[in-house]
Structures are given as C-alpha cells and as structure tokens.
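Dear colleague,

I am handing over the structure we spoke about, and it is shown just below.

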Amino acid sequence: MFNEAIEMVKKSNLIYVSAHINPDGDAIGSTFAVYFALKKLGKDVHVVMPSYSEVFEFLPGVEDRVDGIKEDKYDLLIALDSSDHSRLAISDDEYERAEKVIMLDHHQIARPYGDFRYINDNKSSASEIAYLFIKELGVEFDSNIATLLYTGIMTDTGSFNYSNTSSDTLRVTAELVDYGAKTVEVCKKLNDTIKESKLKLLAKSIDNMEVFYDGKVRYTYVDYPTINSLGIHDEDAEGMTNYLRSVEGTEVAVYVRGKSDGSLKVSMRSNGNVDISKIAISFGGGGHPRAAGYTMQDEIEVGKEKLIKAIGEML
Ligand SMILES: [Mn+2]
C-alpha cells in the first residue's frame with residue numbers, strides 16, 4: 001500500500017514530520033508516532049509543530065517538537081492529518097524546501113499535495129493510517145508508539161463512540177493495547193481531567209448559548225477578553241461544542257471563540273444529518289461531516305448571521 005512512500009523514506013536521511021495547525025490528539029499522536037518510528041530506522045528526524053494544549057504534555061516525545069525547520073534543504077516531509085498543504089504547520093517556503101513530500105490523511109474532502117498521497121476517509125484517523133504505515137516500514141512497535149497512536153484514534157473517534165469507529169479501528173486498537181499503549185493514563189489525562197478554568201469557560205459558554213430553529217442549532221460565543229481573564233490559552237479554549245451538541249434535539253452545535261491574535265475561531269459539531277464540512281468549506285475552512293471549523297472573516301454579529309443562515313439552509 002505504501003511501497004513508493006517506503007522507498008522515499010529509505011532514500012532519505014533528514015526528515016521533517018508535521019501536521020495541521022492547531023494540532024489535536026490525532027495530529028500530535030500520528031506525528032510523534034511516525035517520529036519515533038523513523039528514529040528507530042536511524043533517520044535524522046524533526047517534528048515541526050506549533051504549541052498545543054498542555055493536556056497533551058504527558059505524551060512521549062512531545063517535548064522534542066520545534067517551531068520551524070532549520071535546514072535549507074531536507075530530503076523528505078511526512079505530513080499527517082492535514083487535508084490541504086496550506087493547513088500544514090509549516091510555511092509555504094518551508095514546504096518548498098522538501099525534496100519529496102508524503103501526505104497521509106483521512107479527511108473526506110482533501111486537496112491532495114505532495115509526491116505520495118494516501119488519503120482514506122474510511123479510516124478513523126491519521127493515527128490509524130500511521131499504524132499501517134509504520135507496520136509497512138517494518139518498525140517494531142513499542143509502548144511509546146502505541147500510546148501515541150492510541151491517543152490519536154481515541155480522540156478522533158470520541159473514545160470509540162463516533163461512526164468512524166470501524167471493526168478495523170478496533171482491531172488496530174487491540175493491537176496497540178498488546179504493544180503497551182497506556183490506555184488508562186490517556187483516558188485519565190484526556191477524558192477525566194478538567195481544569196477549573198475550563199469548567200468556568202463551560203459555564204460562560206452555556207450562559208451565552210443561543211438556540212435557533214426550534215433547538216436544532218445551538219450557538220455560543222465567548223470573546224477573547226473573557227477567555228483571557230480565565231487564564232486560558234488559545235489552544236486550551238477548545239472543546240465546548242460537544243456539550244452543546246449533547247442537548248436533546250440538537251443537530252448542529254457551534255462554538256465561536258476569540259483568539260489572542262484578534263481572530264474568531266468557529267468550531268462546529270453535527271449529530272449526523274447536516275454535513276457541516278460543506279458549510280466550513282464555504283467559509284474557507286474544512287473538516288469532517290460531523291466536525292468542522294473555520295476562521296470567521298466578518299465581525300461577530302455579521303459572521304454569526306451568515307453562519308446561522310447557512311446552517312438553516314441545510315436543515
Ligand atoms: Mn484527524
């Protein structure tokens with residue numbers, strides 16, 4: 001399946017691995033798993049990734065990330081979980097410095113890039129694809145690699161609850177458990193722990209919630225000064241949509257938050273009847289049918305009105 005990509009890896013020495021901006025559990029898990037696998041093959045490998053939520057700090061290897069690439073030329077870039085090369089956490093200039101590019105992704109709507117592409121939206125996550133890739137590389141799995149891949153699969157499947165959880169996903173997961181994935185620790189850190197500041201953010205977002213179309217759409221907005229006053233960093237301000245979405249009768253949940261750079265980040269979740277990736281794409285973003293987002297270009301009231309109208313047309 002990955003023959004050509006494996007050849008590229010064999011011919012390369014200096015390799016960068018990266019994923020999409022605002023890295024989530026899958027981006028971090030898949031990237032660092034590949035990082036460990038390539039190191040086992042004796043490659044000179046670096047992970048280029050912006051800072052991420054501190055909840056992921058317990059994961060093995062993540063302290064090795066760098067903000068940007070150092071060399072003028074490098075042999076190979078392996079890009080994971082990024083449907084579009086402009087969403088990658090490296091600049092166009094940095095991208096151009098790669099001799100070859102391998103793209104591994106699971107988004108339904110992807111703009112293929114690179115010399116080797118494997119895009120399969122039947123896979124739960126980039127981590128599930130990375131598992132297959134590492135297998136084909138012939139690298140022996142260890143507890144670090146298993147824990148990272150497990151994290152990516154668990155987070156992208158909503159702890160094996162979403163419809164992207166296939167029997168293959170569960171078989172891969174079972175193997176990762178055999179390889180020593182620290183499932184209890186991952187669950188404890190990512191599912192069972194919430195900071196008090198985050199709980200307060202949840203209270204704000206529920207307080208600010210607005211309901212449209214007879215409860216089919218739930219919307220909330222928390223501005224940057226509020227988030228900042230709670231002592232929450234940009235990358236830790238995510239995660240409010242699932243609470244809104246869980247309210248009975250909800251089709252689409254929207255959470256808009258102000259960021260430190262002045263932009264407005266829109267996160268959406270759907271219960272399945274509305275393909276919100278289409279809406280996100282129409283506003284310049286991307287994602288999956290049930291989880292998608294974009295950066296709002298208008299000021300909040302205008303942007304909100306446009307979005308609510310767009311969702312209404314799809315209900
Ligand atoms: Mn993913």
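Predicted model: local features only at pLDDT ≥ 70, side-chain atom pairs only at ≥ 80, totals over all residues.

Residues are numbered from 1 along each chain as its sequence is written.

Helix H2 (residues 25–40) and helix H5 (residues 143–156) pack at an angle of about 160°, with their axes 7 Å apart; helices (H or I, at least four residues) and strands (E, at least two) are DSSP runs, numbered from the N terminus, and axes are lines fitted to C-alpha atoms, for helices over the stretch in contact, with angles from 0 to 180 degrees between N-to-C directions. H2 and H5 are therefore roughly antiparallel (the term for angles over 145 degrees). Among the residues that meet are Phe32 and Phe36 in H2 and Leu148 and Leu149 in H5, contact meaning that C-beta atoms, placed from the backbone, lie within 7 Å.

The open sheet has six strands in the order E6-E7-E8-E9-E11-E10, with mixed pairing, where two strands pair if DSSP finds at least two bridges between them. Strands E6 (210–212) and E10 (286–287) stand at the edges with a single partner strand each, so one side of each has no neighbour in the sheet. Strands E9 (residues 264–270) and E11 (residues 291–296) pair in the antiparallel sense over six bridges, and Val266 has Tyr294 in E11 as its bridge partner. Helix H12 (residues 300–312) lies across E6, E7, E8, E9 and E11, running at about 165° to E7.

Best regards

Technical notes
Parallel < 35°, antiparallel > 145°, perpendicular 65-115°, else oblique. Contact = placed C-beta atoms within 7 Å.
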